Amino acid sequence: MKLSQALLGAASSLALCVISGTAYAQHAVSGIVTDADGAPLPGAQVRVRELGLSTSTNRQGQFTFLSLPAGEARIEVSYLGLPTSELALDVAPEGRNFITFTLTPDAAIDRIVIIGSIMDGQARALNQQRTNTATTNIVSADAIGRFPDENIAEALQRVPGFGIERDQGEGRYVNLRGAPAEFTQISVDGVAISQMAPETRAVDLDTIPSDVVNAIEVSKSLLPNQDADSIAGAVNLVTRSPFDRRGLRLNAQGGMSYNEYGGANDRRGSFVVSNTFGENETLGALFSASYSRTDRRVDNFESIWDTVTRPEGDEIFAVVETEIKDYDTRRERMAFTGALEYRPDDQTMFFLRGSASRFEDDELRNLLHIEYEAGSLQPGATDLVATWSNARLEKELRQRIVRNEVFTLSAGGEHDFGTVELDYSLAFSRSEQTYPFRSQLNYRSTIRPTISYDYTNRDLPLVSLFQTGEHLNLAAFNFRENTFRGTDTVMDEWSGRVNLSGEASLFGTRARHQAGLSFRLRDGASDEFRYRDRRGSTGAQTPALADIISNRPSRNFDYDLGFKIDDALARAYWNAIQPVSTEDAVLRVPQSVEADYIVEENIYAAYGMTELDYGATTVIAGVRVEHTDFSSTAFRLNTSTEAVTPVSNSRDYTNWFPNLTVRHEFSDNLIGRLALTRAIARPNYPDVVARISVGDTPPLTVRRGNADLRPTLSNNFDAGLEYYLQPLGLLAVNVFYKDLENYEFTVRTAGEFEGLPAIFVQAENAPDGFIRGLEATWQQTFDFLPGMLGNFGVFANYTWTDSEMNIGRTIGGRSAFPLPGHSSYAYNAAVFYETERFNARLSYNNRGDYLDALDADDGRKDLYWEGREQLDFTASFDVTDRLGVFFEAKNLTDTPGIRYFGDRSRVYEYEKFGYTMFLGLRFSY
């Protein structure tokens, strides 16, 4: 089912009609809304009922009406969780009109629900969501802090529509509404950030700690003033402002944890300090810092499945390799934010903001590798039970340090000229991934044992090697190779934007017109290098395996791997051997050249939109246009002469994005929304650059870019109803449909390359596809219950999605495929209890199975992540008004991470990392 192009065309036509209008010769009124402690209240609804006007407060609690007639105006402010307030203002024909609202608990009301941090965070989020025109979700800093979520990915898993992709138990990428991670744009204070990894546009959100943001804004339906590369939605990380709370402020927290696996400790600490200066507090400064370190053991069992021919002549799907991995990991996060803001009056603001995050993953991996297919399959094998003779054994130590860094810096201003508002900004961002150290030391056994396995227990199979013990004979292991490799990827982007808005009359009603220009200029490069040295004694004497074995047992689940390789001795060897093991003689030239690329991508955009206010109904119509200039350079190796030739390609294209968004208030508490939008996802860089990467042995695996690859486009339909429960709660349902065109997928085809048999791996465009789904949300405080029961509350959401891409032809018996990252369901359920000094929350999260990697040729080789559940608990107690203690328990269900090929019986990876208990202190001033 296609979205009606006529409706999208109508939205575009309407947008082009709004450039004319008659300005009101009236007077601007602005103000601020705070609570009893002076904290600004974002999302408060501000109305002038007799004129049918409505607006809402921004993050600093400020609001503006650009045009009110002179004379008395009665202004009403409503905020979920606090009593409504109304004040009369005499709108003066000269000068500036300003009014302050302070919402305080009313003794006449039996119960004011905002009594603690959980409810305060919920109130701030719901009030902003209620007053937004588009479909959004807001997560406040208080809400983030009440979950045991160390990074942004994990914080987002609590939001309706989100699932997360994990690495060793920690969230990394997000899937919004069943879409691939590349379909969600990530920004910091409105500055888009690029990917760190070279192979995808998805942003590694485990890089950014959750305690450096003030709020997370999720846009599920876009407006024309937003970047269009957000098919699933857009996530904006809002850092703190010194004007969030005026005056000197200091908040700090820190603590330590116990990890079940390895018995190691986590450390985590952060602080934020801010102040406002001057007689009228017009200048503000803020600085925040965050640091965390996690030391953890991870048990991991991996099996490679493939089709093999039995001696009897028929084909089965069997395990051909097993890798049993014993991990010792250290993960460090460090982040800083800073802000300078100057607000000489309530009409003007200048800002300078910056953020920097660094994530370093230092991973030691002891590995036992069993290569069954190096031997012979014995008669009588089945898919789950088999015996292989002459199998190969290898032991290996790998140390890999990967470092991700994200930096943003932006400057700009906002001006309110009475009838016209202007804002502008210039920003720079850098995303970088490097490998300061990545080395492997490998030994191979001369013993070629006969090994049987039984995968009837699909997660932890029986393997006869652990009864016969050939892998424990260290004297049989000889040096095989050492390797050094790394990849350096850097993406730099300059961006700028200017927006102009004003009020006028259109079609006999008040209208707010807005237009803007923007640019994003991105330069990126990825450089890979690989060395492999099998010379053994060159430069430094390679130690025998028995000489570098430690006395630390290596056990993975119930598998006895012997003892770990001494990492200090291995590092000493690596340091000694590296100068000669990274000579040109051992450089793996094809792998070090053909994966490299340089890209330049410039995006120029303009938009126009008009907001029409028909009392209870708000209509936004507009259009955005984006022009993309793309160029790239890759490198081709002549295997005969080893000459390297740069190969370049370039293209440009223009896309139009019409938009129609409607918000209707059926009552003060019942709100409906509908949106028709269009969005884009540009190709991943390795898939579109002019590269060719060739494998080592026939049949050659030839990976090549596709210069004709087109961006994915999506026509989107969103509709929803939200009922806001009094005094603080929400019942909501949203439906969505995304009509995809030119979805990018990877296909393998057989052929010849330079006269040799080859398998070509290349990205192509699927003609069409879709994502559709439904979200349901329930949030409520049980203040209507008697006594202590009134301090309970609930937070729950459920998302159902369905997706498909149709590739226009049949491959491997299929023409329609699921989308990577798609789960058919995801849900959250949390119960909390809160008083003025104490709160506790028990939270449960669950998402269904999802596709990790597609094998278009053979559905049995599609790689899936099994759905995962997790139960967490948090509690905190305010000892004094300034000092509090908190406790977190994470993964109480001790849920593993599981991947499988095609069917749950063919487990590829089974991994466990245990639970974590954290205890800490909070201080505020």
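**Arg267 and Asp295**

I started with the salt bridge between the side chains of Arg267 and Asp295, at 3.3 Å from N to O. My cut-off for a salt bridge is a side-chain nitrogen of Lys or Arg within 4 Å of a carboxyl oxygen of Asp or Glu. This is a predicted model, where local features need pLDDT of at least 70 and side-chain atom pairs count only at pLDDT 80 or more, while totals for chains, interfaces and linings use all residues. Residues are numbered from 1 along each chain as its sequence is written, and side-chain values use heavy atoms, with hydrogens and water left out.

Arg267 sits in strand 16 (residues 266-277) and Asp295 in strand 17 (residues 283-309), so the pair ties together parts 28 residues apart in sequence. Helices (H or I, at least four residues) and strands (E, at least two) are DSSP runs, numbered from the N terminus.

Next I looked up cover, taking buried as under 20% relative accessible area, exposed as over 50%, and partly exposed as in between (1.4 Å probe, protein chains only). Asp295 counts as buried because its relative accessibility is 14%. Arg267 comes out partly exposed, at 33%.

Asp295 has another partner: Arg293, with the closest N and O atoms 3.2 Å apart. Arg293 is partly exposed, at 26% relative accessibility.

**Glu150 and Arg333**

How many salt bridges does a search of the whole structure find? I got 77. One I checked is Glu150 with Arg333, where the closest N and O atoms are 3.6 Å apart. This pair links distant parts of the chain, 183 residues apart: Glu150 is in the loop between helix 3 (141-145) and helix 4 (152-156), and Arg333 is in strand 18 (residues 315-345). Both Glu150 and Arg333 are buried.

**Strand 49 and its partners**

I then went to strand 49 (residues 916-924), which runs antiparallel to strand 15 (residues 249-259), with 9 bridges joining them. Two strands pair if DSSP finds at least two bridges between them. Which residue of strand 49 stands opposite Ser257? I found Phe918 there.

Strand 49 also pairs with strand 46 (residues 883-890), again in the antiparallel sense, over 8 bridges. In that pairing I noted Gly884 with Arg922 as its bridge partner in strand 49.

**A nonpolar surface patch**

Leu250 lies in strand 15 and is partly exposed, with a relative accessible area of 30%. Leu250 also belongs to a nonpolar surface patch whose members include Phe271, Phe838, Leu921 and Phe923, with about 1000 Å² of accessible area together. Patches take residues with over 30% relative accessible area and no salt bridge, joining like charges within 9 Å and nonpolar side chains (Val, Leu, Ile, Met, Phe, Trp, Tyr) within 5 Å. Areas are by Shrake-Rupley with a 1.4 Å probe, and for residues only the protein chains shown count as cover.

I traced an open sheet of 4 strands in the order 20-21-24-25, with antiparallel pairing. Its edge strands, strand 20 (376-377) and strand 25 (462-463), each pair on one side only. Strand 24 (residues 451-454) is joined to strand 25 by 2 bridges, and Asp454 has Leu462 as its bridge partner in strand 25.

**Helix 2**

Last, I checked helix 2 and found 15 of its 15 residues buried.
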